[in-house]
Amino acid sequence: MQIFEEMQSRGHEALTLLHHAPSGLRAALAVHSTVLGPAIAGVRLRPMDEREALRSALTLSESLTLKAALAGLNYGGGACVLLMPETGVDDPHAREALFRALGRKVRPLQSLVVLTEDIGVTPSDIAFVAQETPATLGVNTDTSSVTGYGVYRGMKAAARSALGSESMRGVRVAILGVGAVGRTLAEYLHREGARLTVADERPERAEALADDLDGVTVVGAQDLLDVPCDILSPCGYGHSIHSADVPRLQCRLIAGGEHHPLSRRGEDAVKEAGIMYIPDFAINAAGLIAAASTLTPEQAAERVYSTVSRIVHIAEQVGKPPHVVARRMAERRIDLIGSLGRGA
């Protein structure tokens with residue numbers, strides 16, 4: 001991975017490595033764009049190596065730029081990926097030290113970056129960051145559950161075109177990843193009468209969900225892509241669907257809460273396969289919208305519903321895939337608002 005080539009190809013503004021030995025802080029902070037405003041950086045914490053952390057920071061930050069633009073927010077896109085400390089974060093004091101160290105390291109960048117929660121990070125963690133810098137969002141927002149509800153609403157909007165109806169009753173939905181977002185999505189779908197098949201890299205989470213919701217089928221994470229379904233909903237850590245996997249898919253719609261489930265090559269492959277794909281930055285924005293605005297979780301989810309409906313409608317009019325339309329819509333807002341300049 002050639003870092004500068006990757007940054008140039010994606011249009012990144014900055015990549016900063018953060019380190020604080022006593023707390024175990026090791027993080028990659030990527031700023032993709034500040035054209036619309038300070039870069040909202042989702043903070044992730046989970047076991048991964050340095051190479052994966054850098055790549056995740058770059059891809060996530062680009063996605064956040066598009067997400068904020070498409071949602072009508074005056075923010076750019078960033079990402080902060082933390083490597084898991086060698087001693088872990090089970091000790092509450094160690095966890096506090098880790099996130100307060102992050103806050104101090106980010107403090108000099110507070111005019112450029114705003115931190116909020118993402119996978120493995122809670123509002124309480126962001127509250128620790130907020131003790132050291134005002135550059136935070138989402139301290140009082142359960143962004144994962146709001147995101148899950150927004151994915152549900154966006155899925156219904158897309159299903160109206162892909163399946164002929166937005167009703168989920170009897171619709172076969174396969175969910176890959178049932179953490180906070182995937183579980184919330186599953187609960188709403190189950191309540192409406194969808195037929196659910198679920199899988200997770202941590203099988204106990206899928207089994208726990210099946211214990212709580214009647215009629216849910218559990219399969220292995222490696223097998224879920226082979227499950228016949230109407231909707232495939234990736235809700236994992238990213239890049240769940242490789243381009244080589246696309247021939248295995250037996251769905252008509254891909255719509256989930258995961259960041260970057262498909263590469264650009266994968267997007268081309270699902271287009272050729274006749275599968276509608278609603279990109280992550282369009283459908284998983286409700287948590288970000290709620291954290292960055294005064295909207296309620298319900299209002300944030302309805303904005304996702306409206307956005308996805310508009311994307312699908314335009315896609316049908318112009319004969320382009322929804323993921324292509326969504327990207328062009330986001331890029332157009334960035335270009336138009338960016339042309340106004342920075343202001344006084």
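The model is predicted: local features need pLDDT of at least 70, side-chain atom pairs count only at pLDDT 80 or more, and totals for chains, interfaces and linings use all residues. Residues are numbered from 1 along each chain as its sequence is written, and side-chain values use heavy atoms, with hydrogens and water left out.

**Overall build**

The protein has 12 helices and 11 strands. These are DSSP runs, numbered from the N terminus: helices are H or I with at least four residues, strands are E with at least two. The radius of gyration is 19 Å, close to the 20 Å from the globule rule for 344 residues, so the protein is as compact as a globular protein of that length. That radius is taken over C-alpha atoms, and the rule is 2.2 Å times the number of residues to the power 0.38. The C-alpha trace spans about 50 × 50 × 40 Å along its principal axes.

Buried residues make up 56% of the 344. Buried means under 20% relative accessible area, exposed means over 50%, and partly exposed lies in between (1.4 Å probe, protein chains only).

Helix H12 covers residues 322-338. It has 17 residues and reaches 24 Å from its first C-alpha to its last, close to the 24 Å expected at 1.5 Å a residue. The expected span is 1.5 Å times one less than the number of residues. Its buried residues include Pro322, Val325, Met329 and Ile334. What do the buried residues of H12 pack against? Their partners are helices H2 (50-70), H8 (264-272), H9 (280-283) and H11 (297-318), along with strand E11 (276-277). Contact here means heavy atoms within 4.5 Å.

Leu340 sits in the segment after H12. It counts as exposed because its relative accessibility is 65%. Leu336, Ile337 and Leu340 make a nonpolar surface patch of about 280 Å². Patch residues have over 30% relative accessible area and no salt bridge; like charges are joined within 9 Å, nonpolar side chains (Val, Leu, Ile, Met, Phe, Trp, Tyr) within 5 Å. A salt bridge is a side-chain nitrogen of Lys or Arg within 4 Å of a carboxyl oxygen of Asp or Glu. Areas come from the Shrake-Rupley method with a 1.4 Å probe; for residues, only the protein chains shown count as cover.
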